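I opened my notebook on a structure that is new to me.

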Amino acid sequence: MKNLIIRALTGIIFVVVLVSAICIHPVLFLILFTLITGLTVWEFCGLIQHYENATLQRAINAIGGMYLFISTFVYANGLVDGKIFLPYLLFVILTMIAELYYKASNPINNWAFSLFSQIYCAGTFSMLNFIGAVPGTPGIMSYSPLFIMALFVFVWLDDTGAYLVGSMIGKRKLFERISPKKSWEGFFGGLIFVLASSQVFAWYVPEISRINWLGLSTTVVLFGTWGDLIESLFKRTLKVKDSGNVLPGHGGMLDRFDSVMLAVPASYIYIELFIRN
């Protein structure tokens, strides 16, 4: 019961902080997600310590990821030009060169995991900035919380629907080798929850068609499920239960954002192709 209370309180605080940062002001969004980006990269690099012959510079990688998020935010919102990315490009170059001097037993692993941490963690969260940016006048903030908030709502409702339906009637395993508790019944239960919620967004934002809201929500569910399974595969490969313990009762940052981290790039593709075209 104590663990359940801790988990519930953590979840409530987590949602309130996230929604507030996304909806109240773009600077709050920038601050919170810069921190989240840094923590996920830090956590990822820490998990890799469980992997044989891989030693990453956690702080340097986390700072690099945070810079990428900040630079994409100001660039996507039309506040700076592409030169903002030059320091990050230098960071990538120096990451490669540094292995000449670290004398690691397996520098290839270090290169591979350092760059993967930037793509998987920092790169994914940075795409949120392009989802949130509305094309406008250069030099003027063009941030909109609509699609970012919808994405998170869809992920949360998918998790809730999948858990409730899967717990009650789940029998057919979705991907037993990776996640034995997930079922096809739970998957479709979560999908139904999300499809229904998409029509609430369609009612409030009628300028975006109901079909497009259905398409976006389906994209989030499909790729969010794959994202969850990918992180499960990652942890199984490293033989760890949770990615961390920064969120009491919920594990680590990767555990909380695993679905989001694949849903974000897929949603961005959908939005650009079918909604903003």
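I began with K103, which is exposed because its relative accessibility is 74% (buried is under 20% relative accessible area, exposed over 50%, partly exposed in between, with a 1.4 Å probe and protein chains only). I found K103 in the loop between α4 (86-102) and α5. Helices here are DSSP runs of H or I with at least four residues, numbered from the N terminus. The phi of K103 is near 60°, a positive value in a residue other than glycine.

I noted that this is a predicted model, where local features need pLDDT of at least 70, side-chain atom pairs count only at pLDDT 80 or more, and totals for chains, interfaces and linings use all residues. Residues are numbered from 1 along each chain as its sequence is written, and side-chain values use heavy atoms, without hydrogens and water.

Next I looked up K239. It lies in the loop between α8 (210-238) and α9 (253-257). K239 is exposed, at 74% relative accessible area.

Then I turned to the helix pair. The axes of α5 (residues 107-132) and α6 (residues 146-169) come within 7 Å and cross at roughly 130°. Axes are lines fitted to C-alpha atoms over the stretch in contact, and angles run from 0 to 180 degrees between N-to-C directions. I therefore wrote down α5 and α6 as oblique to each other (under 35 degrees is roughly parallel, over 145 roughly antiparallel, 65 to 115 roughly perpendicular, the rest oblique). From α5, L128, I131 and G132 make the contact; from α6, F147, I148, L151 and F152 do. Contact means heavy atoms within 4.5 Å.

Methods: Helix = DSSP H or I, 4+ residues; strand = E, 2+ residues; numbered from the N terminus.
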